Each structure stands twice: as C-alpha cells, then as structure tokens.
Amino acid sequence: MPTPDTELRARIVAAAVEAYRATDFHRVGPDEVAVRADVAVAELHRVYPTWELLVVAVTDRWLNGSRRAAWAVAERDGAVAYLRALLEAGLAEPALVRLRIAVLSAASNPGHPAAGWFHAQYTQSFEDVTLALVRDVVAGREPRGASPRHAAEQLMALYEGLQLQSLLREDAEPLAGFDRAVTRMRVGWAEARVAV
C-alpha cells in the first residue's frame with residue numbers, strides 16, 4: 001500500500017514532467033514544480049531534499065519509462081527498430097529529448113551529484129542495444145559479420161546525433177536520415193564478414 005510520501009513523490013514527479021514539457025530544462029525549478037503539484041515548496045524539499053534527487057526521479061520515470069515501453073520493439077524487431085522507435089517518440093515529444101540532452105550534459109561533469117547514476121543509466125542503455133544486436137545477429141536480422149558492440153556504438157551515435165539535430169535544425173528529417181545511415185551501416189557490417 002503506497003504511503004502518503006510515495007503518493008506525494010509521484011505527484012511531484014508528474015508535475016516536474018509537465019514543467020519540463022512546458023519550458024526549458026534550465027528554467028524549471030522547485031517553485032514552478034511545487035505550484036504544478038499543488039504543494040508547498042517546503043513539502044517538495046522535504047521529500048526531495050536536493051534538486052538532483054528530483055531530476056533523477058523524473059529521468060527514471062520519463063526517460064527510462066520511454067525506454068522500457070519501447071523494449072518490446074527490440075524483442076520483436078531488433079535493435080535498429082528499437083532505436084528508431086525511440087527516435088520517433090522523441091520527435092513526438094521534443095521535451096523528452098531536451099531533458100535527455102540536458103541530463104547527458106550533466107552526466108559529463110564528474111562533480112555533478114548524480115553523475116554516477118546518469119553514467120550507470122547510459123551504460124545500461126548502451127548494453128541493452130548491444131544485447132539486442134547480439135540477438136539480431138543470432139536471429140539473422142543483422143549480418144553475421146556485425147560486431148554487436150561496434151554496431152551499438154554506431155547506432156547510439158547516430159540516434160543521439162539525430163536527436164540533437166531534430167532540436168536544432170528546422171529542416172532535419174531524423175527518421176529518413178536514420179534509415180539512410182542504417183542502410184549504409186549494414187553494408188559495412190556485411191563487408192566486415194567477408195573481410196574476416
């Protein structure tokens with residue numbers, strides 16, 4: 001049975017997600033979230049004593065929730081389809097992409113209080129894609145010559161770069177760009193098999 005604090009935390013996280021949807025990551029603060037959650041700022045600080053704890057909770061619910069929801073695509077159709085589905089979800093909800101990019105930026109600062117958690121989450125994402133590619137090679141969805149780890153590096157770099165471009169370029173066509181690049185990558189993966 002949820003405790004009152006569990007329900008309060010969930011309400012605050014939901015309010016923070018809405019705040020991030022409405023405005024820039026760096027403009028969202030405790031006051032705005034408290035108003036959206038209809039709680040006193042002191043209550044917000046009581047259940048989330050540091051801002052970073054709230055950002056971690058939002059990241060876990062929103063970003064990781066999106067990843068977990070899309071994992072069925074990886075299981076059914078493979079790593080490429082999974083990352084494409086995540087790219088598509090980001091296009092439908094740009095605030096999700098803005099949050100992810102801000103969190104990745106924060107994670108690059110070793111002094112950030114949540115850097116270790118952010119790094120662990122990123123590493124898990126990478127390992128998930130690598131595992132999906134191992135399965136893809138075994139199932140014949142990807143060429144036998146594909147190194148799952150190297151292919152994961154390429155696919156993650158492509159996915160992240162296209163996410164960033166979708167926010168910064170008005171003429172960006174991330175899905176078409178993803179499809180074109182993956183087609184070329186697969187040629188390289190197949191040629192690697194021949195070269196072995």
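Colleague: Why is Trp71 called buried?

Modeller: The value for Trp71 is 19% relative accessibility. Buried means under 20% relative accessible area, exposed means over 50%, and partly exposed lies in between (1.4 Å probe, protein chains only). At 19%, Trp71 therefore counts as buried. One caution first: this is a predicted model, where local features need pLDDT of at least 70 and side-chain atom pairs count only at pLDDT 80 or more, while totals for chains, interfaces and linings use all residues. Residues are numbered from 1 along each chain as its sequence is written, and side-chain values use heavy atoms, with hydrogens and water left out.

Colleague: How many aromatic pairs does the rule give?

Modeller: The count is three aromatic pairs. The rings of Phe, Tyr and Trp (its six-membered ring) pair if their centres lie within 6.5 Å; planes under 30 degrees apart are stacked, over 60 edge-to-face, and the rest tilted.

Colleague: What makes the pair of Trp71 and Tyr82 edge-to-face?

Modeller: The ring centres are 5.1 Å apart, which is within 6.5 Å. The planes stand at 80 degrees, over the 60 needed, so the pair is edge-to-face.

Colleague: Which parts does that pair tie together?

Modeller: Trp71 lies in helix 4 (residues 51–77) and Tyr82 in helix 5 (residues 79–92), so the pair joins parts that are eleven residues apart in sequence. Helices (H or I, at least four residues) and strands (E, at least two) are DSSP runs, numbered from the N terminus. Tyr82 has a relative accessible area of 2%, so Tyr82 is buried.

Colleague: How do you know whether the pair of Trp117 and Phe118 is stacked or edge-to-face?

Modeller: Trp117 and Phe118 are 5.7 Å apart, centre to centre, with 65 degrees between the planes. Trp117 is partly exposed at 26% relative accessibility. Phe118 is buried, at 5%.

Colleague: What do the buried residues of helix 7 pack against?

Modeller: They pack against helix 4, helix 5, helix 6 (94–107) and helix 8 (148–168). The buried residues of helix 7 include Phe118, Phe126, Asp128 and Leu133. Just after helix 7, Gly140 takes a positive phi of about 85 degrees.

Colleague: What makes Arg67 and Asp128 a salt bridge?

Modeller: A salt bridge is a side-chain nitrogen of Lys or Arg within 4 Å of a carboxyl oxygen of Asp or Glu. The distance between Arg67 and Asp128 is 3.3 Å, N to O, so the pair qualifies. Arg67 lies in helix 4 and Asp128 in helix 7, so the pair ties together parts that are 61 residues apart in sequence. Arg67 is buried at 16%, and Asp128 is buried at 15%. Side chains of opposite charge can pair when their charged atoms come close.

Colleague: Why are Arg68 and Asp60 called a salt bridge too?

Modeller: Their distance is 3.9 Å, N to O, which is within 4 Å. Arg68 is exposed, at 52%. Asp60 is partly exposed, at 32%.

Colleague: How many salt bridges does the structure hold?

Modeller: It holds 16. Asp5, Glu43 and Arg46 are linked in a network of salt bridges.

Colleague: Where is Glu142, and how do you know whether Glu142 is buried or exposed?

Modeller: Glu142 sits in the loop between helix 7 and helix 8. Its relative accessibility is 4%, under 20%, so Glu142 counts as buried. Leaving out residues up to four places away in sequence, Glu142 touches Val80, Leu133, Asp136, Val137, Arg186 and Trp189. Contact means heavy atoms within 4.5 Å.

Colleague: What makes Arg186 and Glu142 a salt bridge?

Modeller: The closest N and O atoms are 2.7 Å apart, within the 4 Å limit, so the pair qualifies. The pair links distant parts of the chain: Arg186 is in helix 9 (residues 174–195), Glu142 is in the loop between helix 7 and helix 8, and they are 44 residues apart. Arg186 is partly exposed, at 31%.

Colleague: Why is Tyr159 called buried?

Modeller: Tyr159 has 5% relative accessibility, so Tyr159 counts as buried. Tyr159 is in helix 8. Leaving aside neighbours within four places in sequence, Tyr159 is in contact with Leu83, Leu86, Leu87 and Arg100.
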